[in-house]
Amino acid sequence: MRAAFYERQGPAASVLKVGELPLPEPGPGEVRVRITFSGANPGDIKKRQGWLGYGMSAPRIVPHSDGAGVVDAVGAGVSPARLGRRVWVYGAQSGRPFGTAAEATVVPNAQAVDLPDAVPDEVGAALGIPGITAWRSVFADGSVVARTVLVQGVLGAVGSIAAQLARWAGARVVGTVRRTAQRDLVPAYVATSVVGLDHPDAVAQVRALAPEGIDRIIEVALSENVELDAAVVSQGAVIAAYGSVKPRPELPFWPLLFANVSVRLLGSDDFPPEAKAEAARGLTRAVADGQLRIDGRKVFASSDIVAAHEAVERGETGGRVLVRVS
(Lines give C-alpha, C1' and ligand atoms only; values in the text may rest on other atoms or scores of the structure.)
Protein backbone atom coordinates (compact mmCIF):
# COMPACT_ATOMS: atom_id res chain seq x y z
CA MET A 1 0.00 0.00 0.00
CA ARG A 2 1.00 3.63 -0.44
CA ALA A 3 1.87 5.62 2.67
CA ALA A 4 3.65 8.74 3.87
CA PHE A 5 6.31 8.24 6.52
CA TYR A 6 9.48 9.62 8.10
CA GLU A 7 12.48 7.85 9.58
CA ARG A 8 14.06 10.87 11.23
CA GLN A 9 12.72 14.11 12.62
CA GLY A 10 13.11 17.47 10.95
CA PRO A 11 11.56 19.84 8.39
CA ALA A 12 8.74 18.37 6.33
CA ALA A 13 10.53 18.77 3.01
CA SER A 14 13.62 17.01 4.36
CA VAL A 15 12.14 14.01 6.14
CA LEU A 16 8.69 13.14 4.75
CA LYS A 17 8.60 10.42 2.12
CA VAL A 18 5.80 8.76 0.16
CA GLY A 19 6.26 5.13 -0.86
CA GLU A 20 5.11 1.54 -0.59
CA LEU A 21 4.77 -0.18 2.80
CA PRO A 22 3.31 -3.58 3.74
CA LEU A 23 -0.44 -3.64 4.31
CA PRO A 24 -0.95 -3.91 8.10
CA GLU A 25 -2.99 -6.73 9.61
CA PRO A 26 -5.25 -6.19 12.63
CA GLY A 27 -4.36 -8.00 15.83
CA PRO A 28 -6.76 -9.09 18.58
CA GLY A 29 -9.29 -6.36 19.38
CA GLU A 30 -8.22 -4.28 16.38
CA VAL A 31 -9.71 -3.24 13.05
CA ARG A 32 -8.11 -2.19 9.80
CA VAL A 33 -9.50 0.92 8.16
CA ARG A 34 -9.07 1.78 4.50
CA ILE A 35 -8.44 5.50 4.81
CA THR A 36 -10.16 8.04 2.58
CA PHE A 37 -9.08 11.24 4.37
CA SER A 38 -6.31 11.79 6.91
CA GLY A 39 -6.35 14.77 9.26
CA ALA A 40 -3.13 16.70 9.92
CA ASN A 41 -2.97 18.62 13.20
CA PRO A 42 -0.37 20.76 15.00
CA GLY A 43 0.43 17.84 17.31
CA ASP A 44 1.36 15.67 14.33
CA ILE A 45 3.70 18.36 13.10
CA LYS A 46 5.35 18.74 16.52
CA LYS A 47 6.04 15.00 16.66
CA ARG A 48 7.66 15.15 13.23
CA GLN A 49 9.72 18.18 14.22
CA GLY A 50 10.98 16.63 17.46
CA TRP A 51 9.34 19.38 19.52
CA LEU A 52 10.65 19.76 23.09
CA GLY A 53 13.32 17.16 22.36
CA TYR A 54 10.95 14.22 22.09
CA GLY A 55 12.62 11.61 19.94
CA MET A 56 11.34 9.00 17.53
CA SER A 57 8.98 6.50 19.16
CA ALA A 58 9.78 3.94 16.44
CA PRO A 59 12.29 3.65 13.59
CA ARG A 60 9.59 4.60 11.08
CA ILE A 61 6.52 6.77 11.71
CA VAL A 62 3.44 7.02 9.51
CA PRO A 63 2.05 10.35 10.78
CA HIS A 64 -1.41 11.65 11.72
CA SER A 65 -3.76 10.43 14.42
CA ASP A 66 -7.06 11.38 12.77
CA GLY A 67 -8.82 10.00 9.72
CA ALA A 68 -11.91 8.48 8.17
CA GLY A 69 -12.61 5.51 5.95
CA VAL A 70 -14.12 2.02 5.85
CA VAL A 71 -13.38 -1.02 8.02
CA ASP A 72 -12.09 -3.77 5.73
CA ALA A 73 -10.59 -6.31 8.18
CA VAL A 74 -11.11 -7.21 11.84
CA GLY A 75 -8.92 -8.99 14.35
CA ALA A 76 -9.81 -11.73 16.79
CA GLY A 77 -12.56 -10.77 19.20
CA VAL A 78 -14.07 -8.09 16.96
CA SER A 79 -17.51 -8.66 15.45
CA PRO A 80 -17.51 -9.25 11.68
CA ALA A 81 -20.48 -6.87 11.61
CA ARG A 82 -17.94 -4.05 11.64
CA LEU A 83 -16.78 -4.95 8.14
CA GLY A 84 -17.84 -2.36 5.59
CA ARG A 85 -18.75 0.25 8.21
CA ARG A 86 -17.83 3.87 7.57
CA VAL A 87 -15.86 5.16 10.55
CA TRP A 88 -13.85 8.07 11.84
CA VAL A 89 -10.58 7.30 13.56
CA TYR A 90 -8.84 8.94 16.48
CA GLY A 91 -5.52 8.24 18.21
CA ALA A 92 -4.05 6.16 15.38
CA GLN A 93 -0.59 7.60 16.04
CA SER A 94 -1.02 8.23 19.74
CA GLY A 95 1.68 6.04 21.27
CA ARG A 96 1.70 4.00 18.06
CA PRO A 97 3.95 4.25 14.99
CA PHE A 98 1.28 3.72 12.34
CA GLY A 99 -0.98 6.71 11.69
CA THR A 100 -3.59 7.55 9.07
CA ALA A 101 -1.39 9.06 6.35
CA ALA A 102 -1.62 5.77 4.49
CA GLU A 103 -4.10 3.80 2.43
CA ALA A 104 -4.84 1.72 5.52
CA THR A 105 -4.20 1.81 9.24
CA VAL A 106 -4.89 -0.49 12.19
CA VAL A 107 -6.39 0.80 15.44
CA PRO A 108 -8.13 -0.64 18.50
CA ASN A 109 -11.78 -1.30 17.70
CA ALA A 110 -13.02 1.47 20.01
CA GLN A 111 -10.95 4.07 18.16
CA ALA A 112 -12.84 3.47 14.90
CA VAL A 113 -16.16 5.20 15.55
CA ASP A 114 -19.20 4.60 13.33
CA LEU A 115 -19.77 7.63 11.11
CA PRO A 116 -23.43 8.58 10.56
CA ASP A 117 -24.59 8.29 6.94
CA ALA A 118 -25.23 12.02 6.61
CA VAL A 119 -21.74 13.02 7.80
CA PRO A 120 -19.05 13.23 5.08
CA ASP A 121 -15.70 11.50 5.51
CA GLU A 122 -13.99 14.91 5.41
CA VAL A 123 -15.83 15.94 8.57
CA GLY A 124 -15.04 12.66 10.31
CA ALA A 125 -11.35 13.03 9.53
CA ALA A 126 -11.32 16.49 11.13
CA LEU A 127 -12.89 15.44 14.43
CA GLY A 128 -10.23 13.54 16.38
CA ILE A 129 -7.59 15.65 18.13
CA PRO A 130 -9.36 19.03 17.99
CA GLY A 131 -12.79 17.57 18.69
CA ILE A 132 -11.79 15.41 21.66
CA THR A 133 -9.72 18.27 23.10
CA ALA A 134 -12.65 20.65 22.69
CA TRP A 135 -15.10 18.20 24.27
CA ARG A 136 -12.93 17.72 27.33
CA SER A 137 -12.20 21.44 27.67
CA VAL A 138 -15.93 22.17 27.79
CA PHE A 139 -17.26 19.22 29.79
CA ALA A 140 -14.48 17.88 32.03
CA ASP A 141 -15.50 20.18 34.88
CA GLY A 142 -19.23 19.65 34.83
CA SER A 143 -22.29 21.11 33.18
CA VAL A 144 -22.10 24.44 31.37
CA VAL A 145 -25.86 24.99 31.32
CA ALA A 146 -26.54 28.71 31.93
CA ARG A 147 -22.79 29.31 32.34
CA THR A 148 -20.75 31.89 30.46
CA VAL A 149 -17.85 30.39 28.51
CA LEU A 150 -14.99 32.41 27.04
CA VAL A 151 -13.33 30.68 24.08
CA GLN A 152 -9.92 32.17 23.38
CA GLY A 153 -9.01 31.72 19.72
CA VAL A 154 -12.53 30.96 18.52
CA LEU A 155 -11.39 30.75 14.88
CA GLY A 156 -9.06 27.84 15.64
CA ALA A 157 -9.82 24.16 15.15
CA VAL A 158 -10.33 23.47 18.87
CA GLY A 159 -11.88 26.84 19.64
CA SER A 160 -14.52 26.65 16.92
CA ILE A 161 -15.63 23.19 18.03
CA ALA A 162 -15.57 24.14 21.73
CA ALA A 163 -17.75 27.19 21.12
CA GLN A 164 -20.34 25.13 19.23
CA LEU A 165 -20.36 22.37 21.85
CA ALA A 166 -20.77 24.88 24.67
CA ARG A 167 -23.70 26.55 22.93
CA TRP A 168 -25.27 23.15 22.19
CA ALA A 169 -24.98 22.36 25.91
CA GLY A 170 -26.76 25.54 26.99
CA ALA A 171 -23.89 27.93 27.67
CA ARG A 172 -23.54 31.55 26.65
CA VAL A 173 -20.36 31.90 24.60
CA VAL A 174 -17.98 34.81 24.18
CA GLY A 175 -15.19 34.29 21.66
CA THR A 176 -11.92 36.08 21.03
CA VAL A 177 -9.82 36.62 17.93
CA ARG A 178 -6.30 37.97 17.72
CA ARG A 179 -7.25 41.02 15.67
CA THR A 180 -10.48 43.01 15.77
CA ALA A 181 -10.60 42.87 11.97
CA GLN A 182 -11.10 39.08 12.24
CA ARG A 183 -14.41 39.36 14.09
CA ASP A 184 -16.36 39.21 10.84
CA LEU A 185 -14.69 35.90 10.01
CA VAL A 186 -16.41 34.14 12.91
CA PRO A 187 -19.58 32.40 11.68
CA ALA A 188 -22.75 33.17 13.62
CA TYR A 189 -23.22 29.45 14.38
CA VAL A 190 -19.87 29.51 16.24
CA ALA A 191 -20.22 32.74 18.25
CA THR A 192 -22.08 36.01 17.97
CA SER A 193 -20.24 37.82 20.78
CA VAL A 194 -16.62 38.24 19.72
CA VAL A 195 -13.84 40.45 21.09
CA GLY A 196 -10.55 41.34 19.39
CA LEU A 197 -7.58 40.83 21.71
CA ASP A 198 -5.74 43.71 20.05
CA HIS A 199 -8.37 46.18 21.27
CA PRO A 200 -7.00 48.40 24.08
CA ASP A 201 -10.18 47.82 26.10
CA ALA A 202 -10.46 44.07 25.48
CA VAL A 203 -10.99 43.34 29.19
CA ALA A 204 -13.74 45.95 29.41
CA GLN A 205 -15.40 44.53 26.30
CA VAL A 206 -15.46 41.03 27.76
CA ARG A 207 -16.72 42.38 31.06
CA ALA A 208 -19.51 44.25 29.27
CA LEU A 209 -20.60 40.98 27.64
CA ALA A 210 -20.29 39.06 30.92
CA PRO A 211 -20.91 41.48 33.83
CA GLU A 212 -20.96 38.67 36.39
CA GLY A 213 -17.71 37.21 35.11
CA ILE A 214 -16.65 34.26 33.00
CA ASP A 215 -17.34 30.80 34.46
CA ARG A 216 -15.24 28.70 32.07
CA ILE A 217 -12.33 29.71 29.84
CA ILE A 218 -11.14 27.55 26.94
CA GLU A 219 -7.54 28.69 26.53
CA VAL A 220 -5.35 28.27 23.45
CA ALA A 221 -2.46 30.50 24.60
CA LEU A 222 -2.19 30.56 28.39
CA SER A 223 1.04 32.55 28.61
CA GLU A 224 -0.31 35.31 26.35
CA ASN A 225 -3.86 35.56 27.66
CA VAL A 226 -3.69 34.77 31.37
CA GLU A 227 -3.74 38.42 32.47
CA LEU A 228 -7.01 38.96 30.61
CA ASP A 229 -8.31 35.66 31.92
CA ALA A 230 -7.59 36.69 35.50
CA ALA A 231 -9.34 40.02 34.96
CA VAL A 232 -12.63 38.53 33.74
CA VAL A 233 -13.17 35.32 35.73
CA SER A 234 -16.02 34.74 38.13
CA GLN A 235 -15.59 33.14 41.55
CA GLY A 236 -14.73 29.46 41.18
CA ALA A 237 -14.06 29.69 37.45
CA VAL A 238 -12.07 27.09 35.51
CA ILE A 239 -9.39 27.85 32.95
CA ALA A 240 -9.03 24.83 30.65
CA ALA A 241 -5.76 25.33 28.77
CA TYR A 242 -4.61 23.18 25.88
CA GLY A 243 -1.83 25.46 24.60
CA SER A 244 0.75 28.05 25.63
CA VAL A 245 3.19 30.07 23.56
CA LYS A 246 5.74 30.03 26.37
CA PRO A 247 6.56 26.62 27.87
CA ARG A 248 6.77 28.19 31.36
CA PRO A 249 3.94 30.72 31.59
CA GLU A 250 3.86 33.20 34.45
CA LEU A 251 0.55 33.38 36.32
CA PRO A 252 -0.99 36.35 38.16
CA PHE A 253 -1.19 34.24 41.30
CA TRP A 254 -3.11 36.47 43.71
CA PRO A 255 -5.94 37.55 41.36
CA LEU A 256 -6.45 33.90 40.40
CA LEU A 257 -6.28 32.81 44.04
CA PHE A 258 -8.77 35.43 45.24
CA ALA A 259 -11.18 34.22 42.54
CA ASN A 260 -10.60 30.58 43.58
CA VAL A 261 -9.77 29.67 39.99
CA SER A 262 -8.90 26.12 38.93
CA VAL A 263 -6.51 25.54 36.03
CA ARG A 264 -7.01 22.36 34.01
CA LEU A 265 -4.24 21.41 31.58
CA LEU A 266 -5.26 19.32 28.60
CA GLY A 267 -2.91 16.96 26.76
CA SER A 268 -5.07 15.06 24.28
CA ASP A 269 -2.75 12.09 23.71
CA ASP A 270 -2.91 11.28 27.40
CA PHE A 271 -6.59 11.71 28.19
CA PRO A 272 -8.00 8.63 29.95
CA PRO A 273 -9.44 6.12 27.44
CA GLU A 274 -12.92 6.46 28.92
CA ALA A 275 -12.77 10.25 28.47
CA LYS A 276 -11.80 9.84 24.82
CA ALA A 277 -14.61 7.34 24.28
CA GLU A 278 -17.16 9.66 25.90
CA ALA A 279 -15.96 12.54 23.74
CA ALA A 280 -16.12 10.40 20.60
CA ARG A 281 -19.73 9.46 21.32
CA GLY A 282 -20.68 13.06 22.01
CA LEU A 283 -18.95 14.45 18.93
CA THR A 284 -20.63 11.86 16.71
CA ARG A 285 -24.00 12.78 18.16
CA ALA A 286 -23.34 16.50 17.69
CA VAL A 287 -22.39 16.22 14.01
CA ALA A 288 -25.27 13.82 13.34
CA ASP A 289 -27.73 16.28 14.92
CA GLY A 290 -26.33 19.19 12.91
CA GLN A 291 -25.17 20.93 16.08
CA LEU A 292 -21.50 20.82 15.10
CA ARG A 293 -20.11 22.07 11.81
CA ILE A 294 -16.52 21.87 10.65
CA ASP A 295 -15.98 24.21 7.72
CA GLY A 296 -12.91 25.80 6.17
CA ARG A 297 -11.15 22.53 5.43
CA LYS A 298 -8.22 22.55 3.03
CA VAL A 299 -7.58 19.26 1.23
CA PHE A 300 -4.25 18.12 -0.19
CA ALA A 301 -3.40 15.12 -2.35
CA SER A 302 -1.37 12.42 -0.61
CA SER A 303 1.56 13.26 -2.89
CA ASP A 304 1.45 16.81 -1.47
CA ILE A 305 1.81 15.82 2.18
CA VAL A 306 4.79 18.17 2.59
CA ALA A 307 2.60 21.08 1.55
CA ALA A 308 -0.11 19.87 3.95
CA HIS A 309 2.32 19.88 6.87
CA GLU A 310 3.62 23.31 5.92
CA ALA A 311 0.03 24.61 5.78
CA VAL A 312 -0.54 23.42 9.35
CA GLU A 313 2.69 25.11 10.42
CA ARG A 314 1.42 28.39 8.95
CA GLY A 315 -1.85 28.02 10.84
CA GLU A 316 -4.03 27.87 7.74
CA THR A 317 -7.76 27.12 8.16
CA GLY A 318 -7.37 26.84 11.93
CA GLY A 319 -5.48 23.57 11.56
CA ARG A 320 -8.24 21.96 9.45
CA VAL A 321 -5.88 20.41 6.94
CA LEU A 322 -6.78 17.08 5.34
CA VAL A 323 -4.92 14.70 3.07
CA ARG A 324 -7.04 12.85 0.51
CA VAL A 325 -5.73 9.29 0.60
CA SER A 326 -8.18 7.50 -1.70
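Me: How much of the chain is buried?
Reply: Buried residues make up 52% of the 326 residues. Keep in mind that this is a predicted model.

Me: OK, and what about secondary structure, how many helices and strands?
Reply: There are 10 helices and 15 strands in the chain. The radius of gyration is 20 Å, close to the 20 Å from the globule rule for 326 residues, so the chain is as compact as a globular protein of that length.

Me: What does the C-alpha trace span along its principal axes?
Reply: About 60 × 40 × 35 Å.

Me: And what share of the contacts joins residues at least 24 apart?
Reply: 68%, counting contacts between residues at least 6 apart in sequence.

Me: Switching to the surface. How much area is exposed, and what do carbon and sulfur supply?
Reply: The chain exposes about 14200 Å². Carbon and sulfur atoms supply 53% of that area.

Me: Where do the charges sit on average, positive versus negative?
Reply: The chain has 34 positive and 33 negative charges, and their mean positions are 1 Å apart.

Me: Let's go inside. Which residues have the most contacts in the largest nonpolar core?
Reply: Trp88, Val154 and Leu283 do, in a core of 44 residues. Two or more residues each come from helix H3 (121-125), helix H4 (128-139), strand E8 (148-151), helix H5 (157-168), strand E9 (172-177) and helix H9 (273-288).

Me: Which of those gives the most?
Reply: H5, with 6 residues.

Me: Is there another core, or what lies apart from this one?
Reply: A core of 35 residues lies apart from it, and its members include Val33, Ile61, Ala92 and Ile305. As a general point, nonpolar side chains tend to be buried together in soluble globular proteins.

Me: Back to Val154, what does it touch?
Reply: Leaving out residues up to four places away in sequence, Val154 touches Gly159, Ser160, Ala163, Gly175, Thr176, Val177, Val186, Val190 and Ala191.

Me: Where's Ala162, and is it buried or exposed?
Reply: Ala162 lies in helix H5. Its relative accessibility is 0%, so Ala162 counts as buried.

Me: What's touching it?
Reply: Ala162 touches Ala134, Ser137, Val138 and Ile218, again not counting residues up to four places away in sequence. Thr133 is 29 residues from Ala162 along the chain, and their C-alpha atoms are separated by 8.4 Å.

Me: How far is Leu150 from Ala162?
Reply: They are 9.8 Å apart, C-alpha to C-alpha, and 12 residues apart in sequence. Leu150 lies in strand E8, and with a relative accessible area of 0% it is buried.

Me: And the contacts of Leu150, which residues are they?
Reply: Not counting residues up to four places away in sequence, Leu150 touches Val174, Thr176, Ile214, Arg216, Ile217, Ile218, Leu228, Asp229 and Val232.

Me: What about Thr148, where is that?
Reply: Thr148 is in strand E8 too. Its relative accessibility is 12%, and the cut-off for buried is under 20%, so Thr148 counts as buried. With residues up to four places away in sequence left out, Thr148 touches Arg172, Val174, Ala210, Gly213, Ile214, Asp215 and Arg216.

Me: New topic, helix H7. Why call it largely enclosed?
Reply: Because 8 of the 11 residues of H7 (residues 222-232) are buried. Those are Leu222, Ser223, Asn225, Val226, Leu228, Asp229, Ala230 and Val232.

Me: What covers them?
Reply: The cover includes E8, helix H6 (202-209), strand E11 (214-219), strand E12 (233-241) and helix H8 (253-258).

Me: Where is His64 found, and is it buried or exposed?
Reply: His64 is in the loop between helix H2 (42-49) and strand E4 (66-74). At 0% relative accessibility, His64 counts as buried.

Me: And which residue has a positive phi of about 65°?
Reply: That one is Ala146, which is not a glycine either. Ala146 lies in the loop between H4 and E8.

Me: Buried or exposed, for Ala146?
Reply: Ala146 counts as exposed, at 70% relative accessibility. So His64 is a buried case, whereas Ala146 is an exposed one.

Notes:
Residues numbered from 1 in each chain as written. Predicted model: local features only at pLDDT ≥ 70, side-chain atom pairs only at ≥ 80, totals over all residues. Heavy atoms only, no water. Helix = DSSP H or I, 4+ residues; strand = E, 2+ residues; numbered from the N terminus. Rg over C-alpha atoms; globule rule 2.2 N^0.38 Å. Buried < 20%, exposed > 50% of the residue type's maximum accessible area, 1.4 Å probe, protein only. Contact = heavy atoms within 4.5 Å. Areas by Shrake-Rupley, 256 points an atom, 1.4 Å probe, with all protein chains shown as cover. Lys, Arg positive; Asp, Glu negative; His and termini not counted. Charge placed at Lys NZ, Arg CZ, Asp CG, Glu CD. Core = buried A, V, L, I, M, F, W, Y, C linked by side-chain atoms within 4.5 Å.
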